[in-house]
Amino acid sequence: MPSELVRCPNCGQYAQRSLQTESGRLETECPHCDYLMILHAASGQVIEAYAPGLYP
């Protein structure tokens with residue numbers, strides 16, 4: 001499962017993006033704000049998403 005560090009689209013901190021080659025799922029998750037996005041890599045269809053609001 002190859003993975004890389006990317007910026008979280010929700011909070012801007014570093015998040016981990018990984019590709020599960022056997023299922024074709026692309027997962028992005030941020031440990032700082034609990035952001036989660038799981039996509040089907042080939043079609044771009046969202047399988048699961050969670051983006052909590054940010055509070056000061």
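Guide: This is a predicted model. A place to start is tyrosine 35, which, leaving aside its neighbours within four places in sequence, is in contact with Cys8, Pro9, Asn10, Thr28, Glu29, Cys30, Tyr50, Ala51 and Pro52.

Visitor: What makes these residues contacts of tyrosine 35?

Guide: Contact means heavy atoms within 4.5 Å. Cys8 and Tyr50 are among the residues that meet this for tyrosine 35.

Visitor: Which nonpolar core includes Tyr35?

Guide: Tyr35 belongs to the largest nonpolar core, together with Val6, Cys8, Ala15, Cys30 and Cys33, which makes 6 residues. The label requires buried residues of the nonpolar kinds, joined through side-chain atoms within 4.5 Å. Buried in turn means under 20% relative accessible area. In the protein chain, 25% of the 56 residues are buried.

Visitor: Why does histidine 32 count as exposed?

Guide: The limit for exposed is over 50%. Histidine 32 has a relative accessibility of 52%, so the residue counts as exposed. Histidine 32 is in the loop between S3 and S4.

Visitor: What is the pattern of the protein chain along the sequence?

Guide: The pattern reads β-β-β-β-β. The protein chain has 0 helices and 5 strands. Its C-alpha atoms fill a box of roughly 40 × 20 × 10 Å along the principal axes.

Visitor: How do you know that S1 and S2 pair?

Guide: Two strands pair if there are at least two bridges between them. S1 and S2 have 5 bridges and run antiparallel, so by that cut-off they are a pair. Within this pair, arginine 7 stands opposite tyrosine 14 in S2. The hairpin of S1 and S2 has 6 residues between the strands, and glycine 12 in it takes a positive phi near 90 degrees.

Visitor: How many bridges join the other neighbouring strands, S2 to S3, S3 to S4 and S4 to S5?

Guide: S2 (residues 14-20) is joined to S3 by 5 bridges, and glutamine 20 stands opposite arginine 25 in S3. S3 (residues 25-29) is joined to S4 (residues 36-40) by 5 bridges, with leucine 39 as the partner of leucine 26. S4 and S5 (residues 46-50) have 4 bridges, and alanine 49 is the partner of methionine 37. Each of these counts meets the cut-off of at least two bridges.

Visitor: In what order do the strands stand in the sheet?

Guide: The order is S1-S2-S3-S4-S5, in an open sheet with antiparallel pairing. Strand S1 (3-7) and S5 each have a single partner strand, so one side of each is without a neighbour in the sheet, and these two stand at the edges. From one strand to the next the twist averages 20 degrees.

Visitor: What is said of phi in aspartate 34?

Guide: Phi of aspartate 34 is near 70 degrees, a positive value in a residue other than glycine. Most residues other than glycine have a negative phi. Aspartate 34 lies in the loop between S3 and S4, a hairpin with 6 residues between the strands. In the hairpin of S4 and S5, with 5 residues between the strands, the positive phi, near 80 degrees, belongs to glycine 44.

Visitor: What makes arginine 7 a charge over the face of tyrosine 14?

Guide: The rule asks for CZ of Arg within 6 Å of the ring centre and within 35 degrees of the ring normal. Arginine 7 is at 4.1 Å from the ring centre and lies over the face of tyrosine 14.

Visitor: How many aromatic pairs are there?

Guide: The count is 0. A pair would need ring centres within 6.5 Å.

Visitor: Where does methionine 37 lie, and what does it contact?

Guide: Methionine 37 lies in strand S4. Leaving aside its neighbours within four places in sequence, methionine 37 is in contact with Leu26, Glu27, Thr28, Val46, Glu48 and Ala49. The C-alpha atoms of methionine 37 and tyrosine 14 are separated by 14 Å.

Note on methods:
Residues numbered from 1 in each chain as written. Heavy atoms only, no water. Axes fitted to C-alpha atoms, helices over the stretch in contact; angles between N-to-C directions. Buried < 20%, exposed > 50% of the residue type's maximum accessible area, 1.4 Å probe, protein only. Phe/Tyr/Trp six-rings, centres within 6.5 Å; stacked < 30°, edge-to-face > 60°.
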